[in-house]
2 protein chains.
Amino acid sequence: MKSEIEVFAPATVANVAAGFDVLGFALHRPGDTVLVEEGGLGGVEIVEITGDDGELPRAVADNTAGIAAQALLDHLGDRRGVRMHIHKGIPVGSGIGSSACSAVAGAVAVNELLGRPLQRPDLLPFALKGEAAASAGAIHADNVGPSLLGGMVLVRSNAELDTVNLPVPDQLFAAVVLPRLKILTSMAREALRSQVPLADAVVQWGNLGGLVAGLARSDYGLIGRSLKDVVAEPYRAPLIPGFAAVRDAALEAGALGCSISGAGPAVFALCRGDESAFRVAIAMQKAFDAEGLPSERFVSSINPLGAQRIK
Amino acid sequence: MKSEIEVFAPATVANVAAGFDVLGFALHRPGDTVLVEEGGLGGVEIVEITGDDGELPRAVADNTAGIAAQALLDHLGDRRGVRMHIHKGIPVGSGIGSSACSAVAGAVAVNELLGRPLQRPDLLPFALKGEAAASAGAIHADNVGPSLLGGMVLVRSNAELDTVNLPVPDQLFAAVVLPRLKILTSMAREALRSQVPLADAVVQWGNLGGLVAGLARSDYGLIGRSLKDVVAEPYRAPLIPGFAAVRDAALEAGALGCSISGAGPAVFALCRGDESAFRVAIAMQKAFDAEGLPSERFVSSINPLGAQRIK
């Protein structure tokens with residue numbers, strides 16, 4: 001009897017430079033875990049949440065993992081009781097897809113508990129519904145997509161939920177640094193212009209095209225030249241003390257490119273090789289240190305698997 | 001003695017749907033030819049232009065081919081005399097890169113005449129300078145790029161003139177229909193909004209990313225889903241009588257996607273296979289017929305070579 005299922009869902013870097021709202025990738029760690037077991041009255045019950053410093057709502061209808069799991073049960077017309085334990089490994093509001101991660105883990109865990117009635121990509125709308133509870137405004141799948149599916153995910157259309165797993169060069173590594181600072185997604189979104197000058201938009205999609213082409217041909221130079229964001233980064237950078245110094249440090253240490261992860265304050269760099277990524281991560285952390293901002297750093301290849309059952 | 005050099009430069013489809021100002025491809029025909037020979041006083045002299053119904057300026061400083069050729073001579077500090085004969089195979093103002101084509105042919109012809117001092121990609125700025133004479137506002141290399149270099153060319157950055165030749169699936173064919181109607185690039189540009197809603201811009205770069213990914217993996221379905229333009233097409237379509245009917249006819253006849261070529265009025269469709277492209281071209285032409293607009297049609301695979309010396 002499948003009495004207990006535990007699922008790990010990885011953190012993600014979304015808004016990958018010119019890929020604002022359409023491009024994200026999965027890390028190997030950190031991530032959230034969700035454990036589910038049958039029991040209790042009908043529907044999802046959140047038994048405990050750890051690792052969140054008491055910040056997250058326990059009510060299923062307000063919790064990203066709870067909403068995603070319950071939405072899946074409802075869709076399947078399954079009325080069984082599911083007891084859920086959530087362990088947050090990702091700080092809330094850090095810019096590496098915390099809410100998406102829990103939502104993905106919740107949906108995948110319940111799908112496993114039910115004997116996997118849905119294929120992995122079909123879980124996307126349920127995980128997105130969960131993430132929506134914590135998001136401001138329109139829903140974008142560039143966190144949920146890679147956490148659920150793994151890899152570097154282009155969301156060709158958020159409206160149609162059409163995702164494309166892009167090829168990833170062997171030696172592509174990410175350095176991610178999380179300063180101890182919280183940015184609400186709503187605040188980060190308010191910093192943006194609602195209208196973009198056409199000329200800037202053209203620059204942005206030229207770079208996105210270059211990035212997708214660079215990934216396809218393992219052209220690290222092209223990837224580096226394309227890792228630019230003229231639409232979101234200039235407006236969100238002021239929310240992150242020392243961002244310019246951190247980015248400069250990353251580039252000086254050999255990063256291909258560097259930008260804000262998700263809505264920030266996390267900053268990511270893409271690098272060629274793990275050694276380079278370690279050097280870059282350390283340089284970025286030092287730059288945050290110089291701002292008096294303590295931070296955590298992670299180095300990871302692109303996680304090709306996404307959420308995984310671990311028990 | 002290299003007394004005469006003749007170069008053919010092919011027409012191009014630019015603004016490939018979501019690739020507004022950054023993506024274009026070369027056709028096999030039609031195209032312009034430029035013949036050059038040494039002679040005369042120093043600098044370029046335009047001896048004759050045919051096929052233009054007398055529309056194009058004969059003064060070197062006002063003529064796209066003349067400007068490009070002279071700019072190259074000036075760059076090389078070469079003071080010889082060059083007599084130039086231009087044959088326009090592309091109607092002016094048709095939306096398939098007429099001015100770019102002549103400029104490319106002029107630059108390549110003079111480069112050949114001089115014994116090829118520059119590599120092909122290094123001719124880009126000279127050809128662009130020529131095209132600029134006929135263009136409105138900012139210069140974009142998505143016509144000149146493919147006419148000069150061949151293939152499907154992404155202009156990662158117009159400011160840095162960073163171009164990328166994208167892979168092209170074997171069975172990708174273009175159907176292009178030119179209605180007998182003239183649209184000035186300046187008019188087509190004025191139809192655009194100078195500011196794009198962020199949400200539309202995101203849709204656009206999601207589609208551009210999908211298109212580049214689809215080309216890389218020969219995924220015709222993804223190419224088709226990505227061939228959408230929410231930024232320019234809706235605003236330029238009213239300049240082309242019957243555009244909606246032409247696009248619908250293309251899609252009904254099996255096109256992967258259909259949009260405006262360049263600044264219009266030419267309309268292009270991408271198709272899987274030449275048979276499909278012929279059917280689509282005929283259907284598009286019929287739709288223009290129904291509007292009382294006579295048109296020319298062309299079917300072509302993506303021309304991998306670009307401008308070629310033919311004599």
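**Figure 1. The loop that holds B:Asn15.** B:Asn15 sits in the loop that connects β1 (4-13) with β2 (23-38) of chain B, where helices (H or I, at least four residues) and strands (E, at least two) are DSSP runs numbered from the N terminus. Phi of B:Asn15 is near 50°, which is a positive value in a residue other than glycine. With a relative accessible area of 9%, B:Asn15 is buried; the term buried means under 20% relative accessible area, exposed means over 50%, and partly exposed is in between, for a 1.4 Å probe and protein chains only. This is a predicted model, in which local features need pLDDT of at least 70 and side-chain atom pairs count only at pLDDT 80 or more, whereas totals for chains, interfaces and linings use all residues. Residues are numbered from 1 along each chain as its sequence is written, chains are lettered from A and ligands numbered from 1 in the order in which they are written, and side-chain values use heavy atoms, with hydrogens and water left out.

**Figure 2. A:Arg116 and its positive phi.** In chain A, A:Arg116 belongs to the loop between α2 (98-113) and α3 (124-132). Its phi is near 60°, a positive value in a residue other than glycine, and A:Arg116 is exposed, its relative accessible area being 52%.

Figure 3. The peptide bond from A:Arg29 to A:Pro30 is cis, with omega near 0°, and A:Pro30 is part of strand β2 (residues 23-38) of chain A. In chain B, the peptide bond from B:Gly264 to B:Pro265 is cis as well, with omega near 5°, and B:Pro265 is placed in the loop between β9 (257-260) and β10 (267-272) of that chain.

**Figure 4. The surroundings of A:Asn63.** A:Asn63 is found in the loop between β3 (43-50) and α1 (64-76) of chain A, and with a relative accessible area of 3% this residue is buried. Leaving aside residues up to four places away in sequence, A:Asn63 touches A:Ile46, A:Ile49, A:Pro57 and A:Ile86, a contact being heavy atoms within 4.5 Å.

**Figure 5. Helix α3 of chain B and what covers it.** Within helix α3 (residues 124-132) of chain B, the residues B:Leu124, B:Phe126, B:Ala127, B:Leu128, B:Gly130 and B:Glu131 are buried. The cover over the buried residues of α3(B) includes α1 (64-76), α2 (98-113), α4 (144-149) and β6 of chain B.

**Figure 6. The cysteines at position 101.** A:Cys101 is buried at 0% relative accessibility, and B:Cys101 likewise counts as buried, with a relative accessible area of 0%. A disulfide is a covalent bond between the sulfur atoms of two cysteines.

**Figure 7. The relation of the two chains and their contact.** The contact takes 39 residues from chain B and 39 residues from chain A. About 2,800 Å² is buried between the two chains, and carbon and sulfur atoms give 64% of that area; buried area is here the accessible area (1.4 Å probe) that two parts lose on being put together, summed over both. B:Arg156, B:Leu198 and B:Trp205 supply 27% of the area that chain B buries against chain A, more than any other three residues.

Figure 8. Four salt bridges are found across the interface of chain B and chain A, each being a side-chain nitrogen of Lys or Arg within 4 Å of a carboxyl oxygen of Asp or Glu. A:Lys228 forms a salt bridge with B:Glu160, in which the closest N and O atoms are 3.5 Å apart. The elements that give two or more residues to the side of chain B that touches chain A are β5 (152-157), β6 (162-166), β8 (195-197), α6 (198-216) and α7 (220-226) of chain B, and α6(B) gives the most, with 13 residues.

**Figure 9. B:Ser226 in helix α7.** B:Ser226 lies in helix α7 of chain B and is buried, at 0% relative accessibility. Not counting residues up to four places away in sequence, B:Ser226 touches A:Arg156, B:Ala18, B:Asn207, B:Gly210 and B:Leu211.
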